[in-house]
Amino acid sequence: MRDARIDLVLSRVEKDPNIIEEIINQLDSDIRSVKFNSIYVLGELGEKSETALSDLIECLSDNDWSICRETVRALGKMGNIADKAVSELSKLVTNDEVSIRKETVVSLGKIGYASENSLSALITGLKDENPEVRTEAAKSLGKLGSGAQEAIPELISTIKDYNWNVRTAGANALSGIGKKAIKATPILLNALEDKDWRVRKAVISTLSDMGPK
């Protein structure tokens, strides 16, 4: 896997799925590039990498921040079969490295498991100092649908965020939650006066999704 052509490795896996086990074994390598490339390939394989789940969870605690971040991404690419990783993954929402925090909230949305840990982590992400993290946390809550209804008060708060991306993502997330978010209507109506047209557009769409009432 060192300096490997990723496309060639993926092509080999298509012909012989047993190669996945060889790739998993490379996760213990002391060579950074080998470990990094192995994680990347497992992520690209998505659900086919289910047997690597426990090994990838261990990689979340790697001292190399780039290894940790790539593992977070890989778990997200695996989708809902990575639900067992949510508990450990959620802990990274307070990591010192902003790119890890961002990828963490993105992956939690891709995994789509509305557990207590994931909801708590995403709500924490809504309060992050970095607007990109807040934006992605809101998007992920929207992907969780009605399972994210306990985050409605925090999502309502995003409608007043200074960053238009966060405000837009917050409005769209409320739409994703559905009719359970009806309590956000007064704030959304006020947001029709938002100075940014993209926010107003998102608000109108959300109000429409909530129905005639």
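Okay, let's start with glutamate 129, which counts as exposed at 70% relative accessibility. Exposed here is over 50% relative accessible area, buried is under 20%, and partly exposed is in between, with a 1.4 Å probe and protein chains only. Before I go on, this is a predicted model, where local features need pLDDT of at least 70, side-chain atom pairs count only at pLDDT 80 or more, and totals for chains, interfaces and linings use all residues. Residues are numbered from 1 along each chain as its sequence is written, and side-chain values use heavy atoms, with hydrogens and water left out.

So, what does glutamate 129 form a salt bridge with? Its partner is arginine 101, and the closest N and O atoms are 4.0 Å apart. By salt bridge I mean a side-chain nitrogen of Lys or Arg within 4 Å of a carboxyl oxygen of Asp or Glu. This pair links distant parts of the chain, 28 residues apart: arginine 101 is in helix H7 (residues 98–111), while glutamate 129 is in the loop between helix H8 (116–126) and helix H9 (131–143). Helices, by the way, are DSSP runs of H or I with at least four residues, numbered from the N terminus.

Let me show you a couple more.

Aspartate 194 and arginine 167 meet at 2.8 Å, N to O. Buried or exposed? Aspartate 194 is buried at 12%, and arginine 167 is buried at 6%. There's also a network, with Glu70, Arg73 and Glu103 joined by salt bridges that share partners.

Now a local one. Lysine 139 and glutamate 136 make a salt bridge at 3.6 Å, N to O. Both sit in helix H9, 3 residues apart, or about one turn of the helix. An α-helix has 3.6 residues a turn, so residues three or four places apart point the same way. Lysine 139 is partly exposed at 42%, whereas glutamate 136 is buried at 18%.

Staying with H9, how does it pack on H11? The angle is about 10°, with the axes 7 Å apart, which makes the two helices roughly parallel (an angle under 35 degrees). Those axes are lines fitted to C-alpha atoms over the stretch in contact, and angles run from 0 to 180 degrees between N-to-C directions. Lysine 139 turns up again here: it is one of the H9 residues making the contact, along with others including Pro131 and Leu141, and the H11 side includes Val166, Ala169 and Ile177. Contact means heavy atoms within 4.5 Å.

Also in H11 is threonine 168, buried at 13% relative accessible area. Leaving aside neighbours within four places in sequence, threonine 168 is in contact with Arg198, Val199 and Ala202.

On to H8. Its buried residues are Ser118, Leu119, Ala121, Leu122, Ile123, Gly125 and Leu126. What covers them? The cover includes helix H6 (86–90), H7, H9 and helix H10 (152–158).

Last stop, H13, where we find isoleucine 204. That residue is partly exposed, with a relative accessible area of 47%.

Technical notes:
Angles under 35 degrees count as roughly parallel, over 145 as roughly antiparallel, 65 to 115 as roughly perpendicular and the rest as oblique.
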